[in-house]
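Dear colleague,

Please find below the structure that I am handing over to you, together with its sequence.

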Amino acid sequence: MTTAPLEVLTGERVVVRAPAPGDEHALVEMATDPRVRRYLGGPKDQAAAEADAARKVGEARWGQFVIVDRAAGVVAGSGSVARKRGPWEISYQLRHPFWRRGLAGEAVALVRDWFFDTTEEYELIATTQQANLASQRLLERLGAVRTGSFEQYGLTQLRFDFHRPGRRAP
């Protein structure tokens, strides 16, 4: 497993890169917005959101990323690749004004491809609440396969799996 920070990934509409100074406002906005956090455990309080944003910007950790809208030149979202439930898991969120533009799908595809290109891992998962139909459709469009469900926070969560192209499961 590499520990180098995420390289800059450029798509048609997005740039995916490590968090950097100046991204704090967008990170705090996402963390405190009830619409953005609806399926992510609810909004954080301002102080916790500011501390998290400062940590993400100050520590270039492997797998942390922001999604920049190329047309607007601003941070539209954020996410990570991390071990949360065993396998490597991708998570993502977008600021509300950037929803329904295809930016999340493009960013997730770029990060998924980068992950398989830079690791020897076979599997990358994503989880979403059963109620989050938009996220389910996004993952399915990108080729993720629904492989199960589990209860967390009193709600049904769905697991979706991406697999390394051209390689069978061990």
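Predicted model: local features only at pLDDT ≥ 70, side-chain atom pairs only at ≥ 80, totals over all residues.

Trp88 counts as buried because its relative accessibility is 11%, where buried means under 20% relative accessible area, exposed over 50% and partly exposed in between, with a 1.4 Å probe and protein chains only. The residue sits in strand E5; helices (H or I, at least four residues) and strands (E, at least two) are DSSP runs, numbered from the N terminus.

Residues are numbered from 1 along each chain as its sequence is written, and side-chain values use heavy atoms, with hydrogens and water left out.

Searching the whole structure gives five aromatic pairs. Rings of Phe, Tyr and Trp (its six-membered ring) pair if their centres lie within 6.5 Å; planes under 30 degrees apart count as stacked, over 60 as edge-to-face and the rest as tilted. One of the pairs is Trp62 with Trp88, edge-to-face, at 5.1 Å centre to centre and 70° between the planes. This pair links distant parts of the chain, since Trp62 lies in the loop between helix H2 (46-58) and E3, 26 residues apart from Trp88 in E5. Trp62 is itself buried, because its relative accessibility is 15%.

Trp62 also pairs with Phe115: the ring centres are 6.5 Å apart and the planes stand at 55°, so this pair is tilted. Here the partners are 53 residues apart, with Phe115 in helix H3. Phe115 has a relative accessible area of 0% and is therefore buried. From Trp88 to Phe115 the C-alpha distance is 9.6 Å, across 27 residues of sequence. Ring pairs join Trp62, Trp88, Trp114, Phe115 and Phe116 into a cluster.

**The nonpolar cores**

The largest nonpolar core has 30 residues, and Val81 and Ile90 touch the most other members. A nonpolar core is a set of buried Ala, Val, Leu, Ile, Met, Phe, Trp, Tyr and Cys residues joined through side-chain atoms within 4.5 Å. At least two residues of this core come from each of strand E2 (14-17), E3, E4, strand E5 (88-94), helix H3 (103-118), strand E6 (123-129), helix H4 (133-141) and strand E8 (155-163). H3 gives the largest share, eight residues. Another core, of 13 residues, lies apart from it and has Val15, Val28, Ala53 and Val68 among its members.

Contact means heavy atoms within 4.5 Å. Beyond its neighbours within four places in sequence, Val81 is in contact with Trp62, Gly63, Phe65, Trp88, Glu89, Ile90, Val111, Phe115 and Leu124.

Two strands pair if DSSP finds at least two bridges between them. E3 and E4 run antiparallel and are joined by six bridges, with Val66 opposite Ser78 in E4. They form a hairpin with four residues between them, and Gly73 in the turn has a positive phi of about 70°. Ala72 is placed in the loop between strand E3 (64-69) and strand E4 (74-83); because its relative accessibility is 46%, Ala72 counts as partly exposed.

E4 and E5 also pair in the antiparallel sense, over seven bridges, and Gly77 has Leu94 in E5 as its bridge partner. This hairpin likewise has four residues between its strands, and Gly86 in the turn shows a positive phi of about 115°. Seven of the ten residues of E4 are buried, so that strand is mostly covered.

Which residues of H4 are buried? They are Ser135, Gln136, Leu138 and Leu139. Seen down the helix axis, they fall within an arc of 160°, so they line one face of H4; the arc is that of the directions from the helix axis to the C-beta atoms. The elements covering these buried residues include E5, H3, E6 and E8. Just after H4, Gly143 takes a positive phi of about 95°.

Thr128, in strand E6, counts as buried because its relative accessibility is 5%. Not counting residues up to four places away in sequence, Thr128 touches Ser135, Gln136, Leu139, Thr156, Gln157, Leu158 and Phe160.

Yours sincerely
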